[in-house]
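I opened the notebook today to look up a few spots in this model. Here is what I wrote down, entry by entry.

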Amino acid sequence: MEPADWTTPGAYQVTDGVYRIPLPLPFDGLKAVNVYALVSDEDLTLIDAGWALEAARTQLDEALATLDRDVRDISRFLVTHAHRDHYTQAAAIRRECGTHVALGVHEQDSMRDLATPGAVTLTEQLNVLIRCGAEEIVAAVHDAMLVNAVNTEDWAAPDEWITDGQELATSNRTLTAVHTPGHTRGHVVFADFHHSLLFAGDHILPHITPSIGFEKQPGIAPLQDYLNSLDRIAQLTDLRLLPAHGPVTESSQERITELKQHHERRLQKTHEAVQNGAITAYDTAQQLTWTRREYAFATLDAFNSMLATIETAHHLDVLVLRGELSSNVIGGVTHYTL
């Protein structure tokens, strides 16, 4: 039975042979990530893996024990995308047990950079902030000591690169990988059409909107990629939504409609900010409110100020693609005009 709080530790049956296992994250806002265990007598496949943290490993061990399994029984990890709360525990368990790890092929560039000796976090995001005219946020990110060395062991390449449309069989079900760029360039979701399930990773979340293009090697227009990916999943049959963050919900189509409406509202508000005199993405972000609670930009911490500014830049770039705004780079900073 599902708990009232989806982050409560345990293994919760979604349907025959599928269990949702929430694992903890060290964040105030986002407290857990869902790992899905596909269980049969013959094999055990995990979709996503969690962050390589001691607390996450303990909760995974305890959850698998309730299913009469342990990490040595995992035949493979199917990872939706190359973020640390999805990939790094798979890499750690592979070092221990030799478990097979598979990841979307379009994550190769980011994975290569993350596995390079001397790699540090947030380098590309800081470059984007400079182009946004947000030098103050760059300084705040450094002051908050958010730029850290990468543990390259956690980013060793997977054993298999998953391609769009690839069918991945377990002993009792077949998953179809669908490439859904936006959140990251190589994000994939896994559709079980026979059982009407969508293992959606961070592409479609029930209560929040995913960050866009937050990766080591972001795409050129990640928000447009994301909107196109929503359209692609909308063309599928309606599926039960198994997200990486939040409870299982019944309709992928219903949530896609809500997400598209959200981004259209944000695009309108972004356009209005430029009409009201905003020039850069940083100017624009400060005119908008943030999260469902509509916080003022000035109340956000350094990390969320960074995310908000970069998301605003992506919305501005979509408006440029649509022909509603023009952009021009002046002194390394992108300026937007009607």
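Entry 1: By contact I mean heavy atoms within 4.5 Å. I am working from a predicted model. With that cut-off, I asked which residues His83 touches, not counting residues up to four places away in sequence. I found Trp155, His183, Thr184 and Phe214. I then looked up where His83 sits, and it lies in the loop between strand S5 (76–79) and helix H2 (84–97). Is His83 buried or exposed? Its relative accessible area is 12%, and the cut-off for buried is under 20%, so I noted His83 as buried.

**Entry 2: helix H4.** Next I went through H4, which spans 123–131. I listed Gln125, Leu126, Val128 and Leu129 as buried there. Why do I put them on the same side of H4? Because the arc they cover around the axis is only 155°. I also checked what covers these buried residues, and the cover includes helix H5 (135–143) and H9. After H4 comes Gly133, and I noted that its phi is positive, near 75°.

**Entry 3: the cavity.** I wanted to know where empty space is left, and rolling a probe the size of a water molecule over the atoms shows that. How many cavities of 30 Å³ or more does a search of the whole structure find? I got one. The largest cavity has a volume of about 30 Å³. I wrote down its lining as Glu124, Gln125, Val128, Gly213, Pro218, Ile310 and His314. H4 and H9 each supply at least two of the lining residues, and H4 gives the most, with three. By class, I have three nonpolar, three polar and one charged residue around this cavity.

**Entry 4: the second largest pocket.** I turned to the second largest pocket, which holds about 260 Å³ of space. I noted 14 residues in its lining, and those nearest its centre are Val128, Arg131, Ile220, His314 and Asp317. Which elements give two or more residues to this lining? They are helix H4, helix H9 (302–321) and strand S16 (333–337). I sorted the lining by class as well, and it has eight nonpolar, three polar and three charged residues.

**Entry 5: looking back.** Val128 turned up in several of my entries. I have it as buried in H4, as part of the lining of the largest cavity, and among the residues nearest the centre of the second largest pocket. His314 is also in my notes for the cavity lining and for the pocket centre.

Conventions
Residues are numbered from 1 along each chain as its sequence is written. This is a predicted model: local features need pLDDT of at least 70, side-chain atom pairs count only at pLDDT 80 or more; totals for chains, interfaces and linings use all residues. Side-chain values use heavy atoms; hydrogens and water are left out. On a 1 Å grid over the protein atoms alone, a cavity is a set of points where a 1.4 Å probe fits but cannot get out, and a pocket is an open set with protein on both sides within 12 Å along at least five of seven lines; lining residues have an atom within 4 Å of a point. Grid points are joined across faces, edges and corners, and a volume is the space filled by probe spheres set on the points. Helices (H or I, at least four residues) and strands (E, at least two) are DSSP runs, numbered from the N terminus. Ala, Val, Leu, Ile, Met, Phe, Trp, Tyr, Cys and Pro count as nonpolar, Asp, Glu, Lys and Arg as charged, and the others, Gly among them, as polar. Buried means under 20% relative accessible area, exposed over 50%, partly exposed in between (1.4 Å probe, protein chains only). The arc is that of the directions from the helix axis to the C-beta atoms.
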